[in-house]
Amino acid sequence: MSSFDEYAALLRHLSAQQRAGEQDTAAKTERHRHLGATVDYLHRRLLAQGQRLDHLGRTIGVDPGTAVPPPGFPPGSGPPMPPGAAQVSGVPVSGSPDSGPSGGTSAFGTPGAGLVSGMPEPPAAAGHQPVSGGPSGSPGQTDRALPVAVSATEAGVPAQRAGTVDPATELELARRWADEADRYAQQAEMLAQRPVLLPGWSPMARAVAVYLGFSGVAVVLMLVMVLASGVGAVGFGTLIAWMCAGLPAAALIGAWLVLGKWGRPASGAATPPRYPLLGFLLCFLAVPLAYCGYLLLFRALR
């Protein structure tokens, strides 16, 4: 009887271990599935961000295929790239195409977030000297030295943390980096939608300011012509023609061209609003009214 009880207890123990193993396997499978879905989601976000950056680059006249060195590096240069580095959406990423977040292992739940965050994998510590091949005549000797590694601080990348890295934590950090990149991209798009001329003003206020500015220049030229007419250098008919048609038309055309050139946002609307009727009224009324005010002032002072 005791042997049967021991056998039954052992059977229950093995059954419990089997159920625990199945539950642990199911939990790991679910965790890997969740991590894989997160990696796919972040990969799609990185592709969308790359397309958005390419669009912004084309908007400001930068070729998406041209590498732009990060701050701290002279033009035409950049941080040294390890051999076999791939290029994904204009961002250098170390590792093979089949590598995971750290560039060397599976994409499901492996440490590191170099591919996920869209940033290059942190290089080795500063001070690492170039390593050449073996002695002369030895196998594997190379004529060129390996590139000098750059510290993580100089490259602008947070230093790698020592010890075991949790894949979920790294994916969460990558998601935060992606959110930060989206925020900066939205700010860049908002800035790109603002014109160079008076960017903080509304289109109506900008147009009124430009038309009034050119009308003021036309009024100054009209006063000069009035003074020249007083000394006989300009005839009265010429003065009237320029005052009623020439100077207002020149002011309207100049303001129209300025609004079309510098009132256009870098992205967004192709044709900026220029309010031609408002410009016509401001330009063709400002000069005659200024001349009438000049005559009234001149008579009042006499």
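Modeller: Grid points are joined across faces, edges and corners, and a volume is the space filled by probe spheres set on the points. This is a predicted model, in which local features need pLDDT of at least 70 and side-chain atom pairs count only at pLDDT 80 or more, while totals for chains, interfaces and linings use all residues. Residues are numbered from 1 along each chain as its sequence is written, and side-chain values use heavy atoms, with hydrogens and water left out.

Colleague: How many cavities of 30 Å³ or more does the count come to?

Modeller: Rolling a probe the size of a water molecule over the atoms shows where empty space is left. Here the count comes to one cavity of 30 Å³ or more, and the largest cavity holds about 40 Å³ of space.

Colleague: Which residues line the largest cavity?

Modeller: The lining consists of Pro 203, Arg 206, Ala 207, Leu 259, Gly 263, Pro 272 and Pro 273. Five of the lining residues are nonpolar, one is polar and one is charged (Ala, Val, Leu, Ile, Met, Phe, Trp, Tyr, Cys and Pro count as nonpolar, Asp, Glu, Lys and Arg as charged, and the others, Gly among them, as polar). Helix 4 (residues 203–230) gives the largest share of this lining, three residues.

Colleague: What does the secondary structure of the protein chain come to?

Modeller: Helices (H or I, at least four residues) and strands (E, at least two) are DSSP runs, numbered from the N terminus. The protein chain has six helices and two strands, in the order α-β-β-α-α-α-α-α from the N terminus on.

Colleague: What share of the residues of the protein chain counts as buried?

Modeller: Buried means under 20% relative accessible area, exposed over 50%, and partly exposed in between (1.4 Å probe, protein chains only). Of the 302 residues of the protein chain, 24% are buried. Leu 289, in helix 6 (residues 276–301), counts as exposed because its relative accessibility is 57%.

Colleague: Let us turn to charged pairs. Which side chain meets that of Arg 33 in a salt bridge?

Modeller: Side chains of opposite charge can pair when their charged atoms come close. A salt bridge is a side-chain nitrogen of Lys or Arg within 4 Å of a carboxyl oxygen of Asp or Glu, and the count comes to eleven. Arg 33 meets Glu 30 in one of them, at 2.4 Å, N to O. Both residues lie in helix 1 (residues 2–59), three residues apart, about one turn of the helix.

Colleague: Which parts of the chain does the salt bridge of Asp 179 and Arg 45 link?

Modeller: The side chains of Asp 179 and Arg 45 meet at 2.8 Å, N to O. This pair links distant parts of the chain, with Asp 179 in helix 3 and Arg 45 in helix 1, 134 residues apart. Arg 45 counts as buried because its relative accessibility is 13%, whereas Asp 179, at 32%, is partly exposed.

Colleague: Where do Glu 189 and Arg 52 lie?

Modeller: Their side chains form a salt bridge of 3.0 Å, N to O. Glu 189 is in helix 3 and Arg 52 in helix 1, so the pair ties together parts that are 137 residues apart in sequence. Salt bridges that share partners join Arg 45, Arg 52, Glu 172, Arg 175, Arg 176, Asp 179, Asp 182 and Glu 189 into one network.

Notes
1 Å grid on protein atoms, 1.4 Å probe; cavity = no way out; pocket = protein on both sides within 12 Å on 5 of 7 lines; lining within 4 Å.
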